[in-house]
Structure formats: structure tokens, C-alpha cells
Amino acid sequence: MATRGGSGRCGARHRWILLALALTTVGAVLAIEPSCPAKSNTNWLRHYPEACEPLRAAAQDCTLCHDTITDLNPYGLDLADVANQPWLIEHLDSDEDGRTNLEEIEDCTLPGDPTSVPATSTTWSRLKAPWR
Ligand SMILES: [Ca+2]
């Protein structure tokens with residue numbers, strides 16, 4: 001009696017090959033880095049050509065505006081509200097850490113992450129405190 005999909009042994013082999021192929025494809029899709037819509041990071045990179053390298057890298061790999069591939073951080077939400085024109089939100093403090101987005105960009109800290117603070121200011125303050 002013929003079985004559906006060929007003989008039992010050959011059909012089972014094909015199913016394993018198809019399963020392995022499917023798992024490989026899913027793994028490859030999950031491993032892909034998030035990609036920003038081209039216009040959003042291009043506008044930012046063009047407007048801040050003198051931005052420090054860590055921020056330029058964050059703009060290129062989407063972490064400047066995204067917490068996850070689908071979720072925008074506070075800076076990304078503000079940027080989305082103004083159609084990706086970063087100069088329109090320079091005066092805002094998107095992450096509510098007390099510093100404007102422009103100050104953060106100039107200090108090389110992430111404007112969408114309140115835990116991102118200038119590395120040298122805290123260290124420098126501690127170092128010079130005994131000499132005051
Ligand atoms: Ca801020």
C-alpha cells in the first residue's frame with residue numbers, strides 16, 4: 001500500500017530535511033539585526049555630522065531611537081512625532097534626565113536613555129571634590 005509522500009523511510013527523511021531548513025530559516029531571521037527605516041537615521045546622521053562616534057554608531061544600528069526592534073525609546077517617540085526631523089526636538093528632554101536632547105548629543109550621551117550620563121563628569125567631580 002502506497003503512503004502519502006512516498007515510502008515511509010524516504011518521506012521521513014524529507015520531513016527532517018524540511019524541518020531543519022525551516023529551523024535554519026527562522027534562526028537566520030531572528031539573528032538579523034534591527035534595521036532602521038533609511039530616512040530616519042539618515043536625517044539624524046546628516047544633521048549631526050560632528051556627533052561622537054558612539055552616537056553615530058547608535059544611529060546606524062537603531063539603538064539611538066529603539067529599545068527593541070519594534071519599540072521606540074522616548075527619544076525615538078519624540079522623533080517620530082516630528083517626522084524624523086531631529087532639530088525640532090533639540091530643546092526637549094525626551095528621557096527626562098534633566099538635560100536637553102541637544103546637550104546629550106553634544107556630551108555624547110543617549111538622549112533616549114536616562115541612565116546614559118557623561119562618563120567623565122561624575123569621575124571628574126569625584127576626583128576634584130577633595131581639592132575644593
Ligand atoms: Ca535628556
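The structure is a predicted model. Its chain holds six helices and zero strands, and the pattern along the sequence reads α-α-α-α-α-α. The chain has 132 residues, of which 20% are buried.

**The chain as a whole**

**Helix H3 and what comes after it**

- Helix H3 spans residues 53-60, and its buried residues are Leu-55, Ala-58 and Ala-59.
- Looking down the axis of H3, you will find these buried residues within an arc of 100 degrees, so they line one face of the helix.
- Cys-62 follows H3 and has a positive phi, near 80 degrees.

**Helix H4 and its partner**

- Helix H4 covers residues 74-81, and the buried residues in H4 are Pro-74, Tyr-75, Gly-76, Asp-78 and Leu-79.
- What do the buried residues of H4 pack against? They pack against helix H5, which runs over residues 101-106.
- After H4 comes Ala-83, with a positive phi near 55 degrees.

**The loop between H4 and H5**

- Asn-84 sits in the loop that links H4 and H5. Its phi is positive, near 60 degrees, and Asn-84 is a residue other than glycine.
- Is Asn-84 buried, exposed or partly exposed? Asn-84 has 19 C-beta neighbours inside 10 Å, and a residue needs 20 or more to be buried and 12 or fewer to be exposed, so Asn-84 counts as partly exposed.
- Glu-96 is found in the loop between H4 and H5 as well. Although Glu-96 is not a glycine, its phi is positive, at about 55 degrees.
- How many other C-beta atoms lie within 10 Å of Glu-96? There are 9, and because 12 or fewer makes a residue exposed, Glu-96 is exposed.

Notes. Residues are numbered from 1 along each chain as its sequence is written. This is a predicted model: local features need pLDDT of at least 70, side-chain atom pairs count only at pLDDT 80 or more; totals for chains, interfaces and linings use all residues. Helices (H or I, at least four residues) and strands (E, at least two) are DSSP runs, numbered from the N terminus. The arc is that of the directions from the helix axis to the C-beta atoms. Two residues are in contact if their C-beta atoms, placed from the backbone, lie within 7 Å.
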